Amino acid sequence: SDVFLTRHGARIDKEDRHWLSKAGHHRRDDPQLSPAGHLGAAELAAKCHQLHQERPFAHIISSPFVRCVETALPVAKSLELPIKVEPGICEILTVFPPGFLDAEELQKDFGSIDLSYQPFLQRSQLRGESSDFQAAERAAKTARALREKLPGRILFVGHGASCLGIAGAFGREDYVGYTSLSHFVYDGTWRVKSFNAVEHLSDKETSLASAF
């Protein structure tokens, strides 16, 4: 079945250097979306709803960091699907241990979390990382395993480095931009149907400029 890939929306720490003092927590590696990021997530949700009408998605798999969950949330609500929280596709772990919330905490804060989902990689299995390559390799391994395990269309919601790995697992190892959409299909081998598409976004330039 098909695989779709998106990266979280624009993040608040890139726009407000005092964001952490206003966040109500001390997780410096876990910034939320900016207003522009929320807009991108809403536009992504509209695009995914259109695709869902043509052929339904079966799974939304998100990194546990808030910026990814906030990106996945409008998609989940639009498609009436829960979010499967997967630490295996989280951000590069230069900050270790990571500050992301567990699925139960995310459920309290956001709802729409599938608490029955068993992650491929648990928090306890993660290790500190120093390069995009390490994070990409970890995410690629996770995404391949989940593609084999889960039937139906999957949307992965990740980060710069983890999306690099997921994209590589399915045909093109390259970076994608904020709330862009990439589509991979299997017909004996994985191939790219579309990559880093931004036609659904009102701010295409910011998304394309973030693809590194």
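Phe156, Phe170, Phe184, Tyr186, Trp190 and Phe195 come together as one aromatic cluster in this predicted model. Rings of Phe, Tyr and Trp (its six-membered ring) are taken as a pair if their centres lie within 6.5 Å, with planes under 30 degrees apart called stacked, over 60 edge-to-face and the rest tilted. Residues are numbered from 1 along each chain as its sequence is written, and side-chain values use heavy atoms, with hydrogens and water left out. As the model is predicted, local features need pLDDT of at least 70 and side-chain atom pairs count only at pLDDT 80 or more, while totals for chains, interfaces and linings use all residues.

In total, the structure has 7 aromatic pairs. Phenylalanine 65 and phenylalanine 100 make an edge-to-face pair, because their ring centres are 5.4 Å apart and their planes sit at 80 degrees. Phenylalanine 65 is in the loop between strand E2 (57–62) and helix H3 (66–79), and phenylalanine 100 is in the loop between strand E3 (83–85) and helix H4 (103–110), so the pair ties together parts that are 35 residues apart in sequence. Helices (H or I, at least four residues) and strands (E, at least two) are DSSP runs, numbered from the N terminus. Both phenylalanine 65 and phenylalanine 100 are buried, where buried means under 20% relative accessible area, exposed over 50% and partly exposed in between (1.4 Å probe, protein chains only). Arginine 67 also comes in here, lying over the face of phenylalanine 65 at 5.0 Å from the ring centre; for such a charge, NZ of Lys or CZ of Arg has to be within 6 Å of the ring centre and within 35 degrees of the ring normal.

Phenylalanine 57 has a charge over its face too: arginine 153, at 5.8 Å from the ring centre. Phe57, Ile60, Val75, Ile83 and Leu155 touch the most other members of the largest nonpolar core, which has 24 residues. Such a core is a set of buried Ala, Val, Leu, Ile, Met, Phe, Trp, Tyr and Cys residues joined through side-chain atoms within 4.5 Å. H3 gives the most to this core, with 8 residues. Another core, of 20 residues, lies apart from it and has Ala140, Ile166, Ala169 and Phe184 among its members.

Turning to charged pairs, there are 12 salt bridges in the structure, each a side-chain nitrogen of Lys or Arg within 4 Å of a carboxyl oxygen of Asp or Glu. Lysine 84 pairs with aspartate 114, the closest N and O atoms being 3.5 Å apart. Lysine 84 sits in strand E3 and aspartate 114 in the loop between H4 and H5, so this bridge ties together parts that are 30 residues apart in sequence. Both lysine 84 and aspartate 114 are buried. Arginine 138 and glutamate 129, both buried, meet in a salt bridge of 2.8 Å, N to O.

Tyrosine 117 is found in the loop between H4 and helix H5 (132–149) and is buried, with a relative accessible area of 10%. Neighbours within four places in sequence aside, tyrosine 117 is in contact (heavy atoms within 4.5 Å) with Lys84, Val85, Glu86 and Leu146.
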